[in-house]
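Hi,

Here is the structure for you to look over. My notes on what turned up follow it.

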Amino acid sequence: MFSTGFSEKIALVFSGGGGRGAYEVGVWKAVMDLGEEIGGVYGTSVGAINGAGVAMGEFELARKLWLTATYEDIMKISPNIRPLFEGDIKNLKLSSIAEAVKMLFEESGIDVSPLRKKLSEIISEEEIRSSPIDYGLVAYSVSSLSPVMLYIDDIPEGMLIDYILASANFPVFKRENIGGAKFIDGGVYANIPVEMAIKKGFKKIVVVDIGTYGIVDILNLIKGFTKSDEEIIYIKPREYYGGILTFDPEVSKKYMAEGYLDTLKAYGILHGNVYYIYPGEDLIGKFFMSLDDQQRAQAMAILEIKPLEDAPVAYHYYRQVLPYLESAFKTFNAPPRKTCEAVLENIASYLEINKLRPYSIEELFKTIVNSDEPQTTRSTLLKLTVGKKYDMLIEFLKFIWNNSKHDVEISEDYKRIRSSFESLITIP
């Protein structure tokens, strides 16, 4: 979709993170849309599972699996104890806690045989071994108290599924046993196995962090991941939904959308700190300066600004209105289009407009001026501190929108982003 300016292949590094794994599929889609060629994928836990999909080139299969996966596809647990794994403690009964304790201690953990069955159906070891994309994973042997970092050529023939399950052996699962050795989730040692990509010689590495940190990860973070000749693009969710053991199609949809958008943000395609905005012109300035003299005076009056008589329209905007906006949103010395982005983003957040989708400047502007539903979740403090200022700005934006021409050209690149995004999150 876009040219990133790099010719060499990249490595993907997928961390563990349980039910957040759909985020990595969103990243994968964005990387493909960016035109990046993947040369290797290295993962821990759910990252090892998603990495297998990347190595096989089965994006659509991975997408559909995450958008339909439920607890029944992963583990055998009673519905009574699901709230425990979803973090919904308030709805957990004492009898359910007793059931969970029995399962974890007397039965030695959760039975994940449904996951084994599912992986055996969808993962082709032959395809991964013959893939042009290198593959590796991390597990941890509790028998020898040592980490296992394996590339595909290090894994014995016919045992790939076993080692993937060993890598994804979350502490509350029944231990994975391979040749008499018991394994636990590789995340306890290296949840972000970036060194596996470095050892293979990759100079550009996309690191996707959806979980916690292992021992090696902490050391890598302290030293800045690696030496200076590798380019690391680090991608992490802005917001979390559900728990690590939440497996719900609607939650997965959110993570997948976020992964896609965060990647385009990391590559500089989208802007914004709270929203995902495709950059464009300063529409506030454009619309304001298209008003006639009387309308401009009315617009400025909304902001309690008195226009300098006989001054040109450019003076009214660049010397009076724009400084007001820059002061309100601390965008001094920024280009006018960045101030426009900041105004729209902050007001959209105040109006509690959906954050989890891409917006062009015009779309976000239009969504704001058409948003008139009462907001009941804003805090009293927010209303007291910024309510009056924001309400004035909303009125100002509505006025200049309603009294100006909307001849804004929508970028073809942005149209492709929107189309790709919509196809990504459509639940099968």
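The buried residues of α13 pack against α1 (22–33), α3 (59–66), β8 (231–235), β9 (276–278), β10 (358–360) and α20 (412–424). Please keep in mind that this is a predicted model. The buried residues in question are V251, S252, Y255, M256, A257, E258, G259, Y260, L261, D262, T263 and L264.

The length of α13 checks out. Helix α13 has 18 residues (249–266), which at 1.5 Å a residue should span 26 Å. The end C-alpha atoms of α13 are 25 Å apart, in agreement with that.

Both ends of α13 are worth a look. At the start, a side-chain oxygen of D248 comes within 2.9 Å of the backbone nitrogen of E250. Just after the helix, G268 has a positive phi of about 80°.

Next, α18 (residues 361–369). Buried here are I361, E362, L364, F365, I368 and V369. These residues cover an arc of only 165° around the axis, so they sit on the same side of α18. An α-helix has 3.6 residues a turn, so residues three or four places apart point the same way.

Now the charged pairs. Side chains of opposite charge can pair when their charged atoms come close. The count of salt bridges comes to 23.

- K117 counts as exposed, at 55% relative accessibility.

- D407 and K286: their side chains meet in a salt bridge at 3.4 Å, N to O. D407 lies in the loop between α19 (380–402) and α20, and K286 in helix α14 (residues 283–289), so the pair ties together parts that are 121 residues apart in sequence. D407 is exposed at 55% relative accessibility, while K286 is partly exposed with a relative accessible area of 24%.

- R416 and D413: this salt bridge has an N to O distance of 2.2 Å. R416 and D413 are three residues apart in helix α20, so they too are separated by about one helical turn. R416 is partly exposed at 37% relative accessibility, and D413 is partly exposed with a relative accessible area of 22%.

Best wishes

Note on methods
Residues are numbered from 1 along each chain as its sequence is written. This is a predicted model: local features need pLDDT of at least 70, side-chain atom pairs count only at pLDDT 80 or more; totals for chains, interfaces and linings use all residues. Side-chain values use heavy atoms; hydrogens and water are left out. Buried means under 20% relative accessible area, exposed over 50%, partly exposed in between (1.4 Å probe, protein chains only). Helices (H or I, at least four residues) and strands (E, at least two) are DSSP runs, numbered from the N terminus. The arc is that of the directions from the helix axis to the C-beta atoms. The expected span of a helix is 1.5 Å times one less than its number of residues. Contact means heavy atoms within 4.5 Å. A polar contact is a pair of N or O atoms within 3.5 Å; within protein, one must be able to donate a hydrogen and the other to accept it, and residues adjacent in sequence count only if both atoms are side-chain atoms. A salt bridge is a side-chain nitrogen of Lys or Arg within 4 Å of a carboxyl oxygen of Asp or Glu.
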